[in-house]
Amino acid sequence: MHWKQVPKSYDYLLALAVIALGVFGVVMIYASANAELIPRMIVNSDGGLWRRQRMFIISGAVLMVAFSMIDYHFITRFYVYIYGLMLLLLVVVMIIGADDHTGVARWIWIPVPFIGFLSMQPSEFAKIFMTIFMAKFLDVFKDRFNRPLLLVPLAILIIVPVLLVFMQPSFSASMVVLSISLVVLFVGGLYWRTILVSAAVIAPVGIVVWFDLQRQTPIILTRFLSEWQWRRIESFLRPEMADQWARYQTERSLYAIGTGGLTGRGFLENPYIILGHNDFVFSVAATQFGFVGAVTLLGVVAFVIVRCIRIALKAVDTEGKLIAAGVAGMLIFETFFHVGVATDLLPNTGMPFPFLSYGGSMIWVHMIAIGMVLNVGLPRKPKSMFDQPETEEDK
């Protein structure tokens, strides 16, 4: 990298927008508490979830800056080991993972010298690990990966971590890992004929699933989904037949967003959303700041995504382009699904809002991802005497 040009070419707007989202998330987690609903769980428990989130944001910002200074080529050269580490963590969490009192094991405890034990959610780290692996794999085999002899093994390499995450079970995280892989494949140059053939193969499966959903109790889906996952989907497809508790949070979310009106009920006015610090943090923001606040929030997220796409388009090599594209795809998918769940356009999948929802693993992974995108956007020295160095005018 041209270190002297880094201060001039660093994407400060992207970094500041991400930090602003993180800070707003801390405020929303604090505001998600309501004196009549859950005063102690959010404000006081373990020093306050919002205080812990504040530390996650501060440490995440440090990680973002640190990874923006590490050449992404150095990281991607270990892509095989990174993939292996991802599989190891996903298997370990299924064996000795700590559950969240619902029978779902998604966390493992990592001993850290001088600090103690930190919880880690491997399904979140699988997102950035898969981005790195896919970017480097397609760069190494960019002239051959469309051939069946490589495409079939690559499909298996994608399906394995997706299934491991799905089996935790974490349907939403598995869909994010899959979406990242598909975005990187598409941007990396997947042949259209391969896409059409894949669609033709998947279409009959979709038809079978559709007919299965017409049953009062599906035969196929219930074999792959846990009981609580199916209840969420059923409450979305057939709300008139659903148990009232299955749609409780969704209905309160819709009512909260509606009562927000144009400019909102006001800060700390959150009389409807219970446990809004995670999967319904968008609803907490919408009820307090209304349509204007919700659109502004989505506008900032869109700005972050556009900056990632811009960096992908200007990347000097395939690796960098695919990393930035994968991160942009991750943010698009997560934001779309979170807002879709909050507005009852999609079944409740438990999708966090990027940079806003509570969770150390989620914050660290997304901050690291943005740090790598920032590094992709930095100027680099030419690889040979025949290459022309990038100038400020080119940027």
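Val 65 lies in helix H4, where helices are DSSP runs of H or I with at least four residues, numbered from the N terminus like the strands (E, at least two). Val 65 is partly exposed, with a relative accessible area of 43%; buried means under 20%, exposed over 50% and partly exposed in between, using a 1.4 Å probe and protein chains only. The model is predicted, so local features need pLDDT of at least 70 and side-chain atom pairs count only at pLDDT 80 or more, while totals for chains, interfaces and linings use all residues. Residues are numbered from 1 along each chain as its sequence is written, and side-chain values use heavy atoms, without hydrogens or water.

**Helix H4 and its buried side**

- Helix H4 covers residues 49-68, and its end C-alpha atoms are 28 Å apart, which agrees with the 28 Å that its 20 residues should span at 1.5 Å a residue; the expected span is 1.5 Å times one less than the number of residues.
- Leu 49, Trp 50, Gln 53, Phe 56, Ile 57, Gly 60, Ala 61, Met 64 and Ser 68 are the buried residues of H4.
- These residues cover an arc of only 140° around the axis, which puts them on the same side of H4; the arc is taken from the directions between the helix axis and the C-beta atoms.
- An α-helix has 3.6 residues a turn, so residues three or four places apart point the same way.

**H4 against H16**

- The axes of H4 and helix H16 (residues 360-376) come within 7 Å and cross at roughly 25°; axes are lines fitted to C-alpha atoms, for helices over the stretch in contact, and angles run from 0 to 180 degrees between N-to-C directions.
- That angle makes H4 roughly parallel to H16, a label for angles under 35 degrees, with over 145 roughly antiparallel, 65 to 115 roughly perpendicular and the rest oblique.
- Residues of H4 including Phe 56, Gly 60 and Phe 67 meet residues of H16 including Trp 364, Met 367 and Gly 371, contact meaning heavy atoms within 4.5 Å.
- The C-alpha atoms of Val 65 and Ile 370 are separated by 9.0 Å, although the two are 305 residues apart along the chain.

- Helix H2 (residues 12-31) packs with helix H14 (residues 281-314) at an angle of about 155°, their axes 10 Å apart.
- This makes H2 roughly antiparallel to H14.
- In helix H7 (residues 122-140), 18 of the 19 residues are buried.
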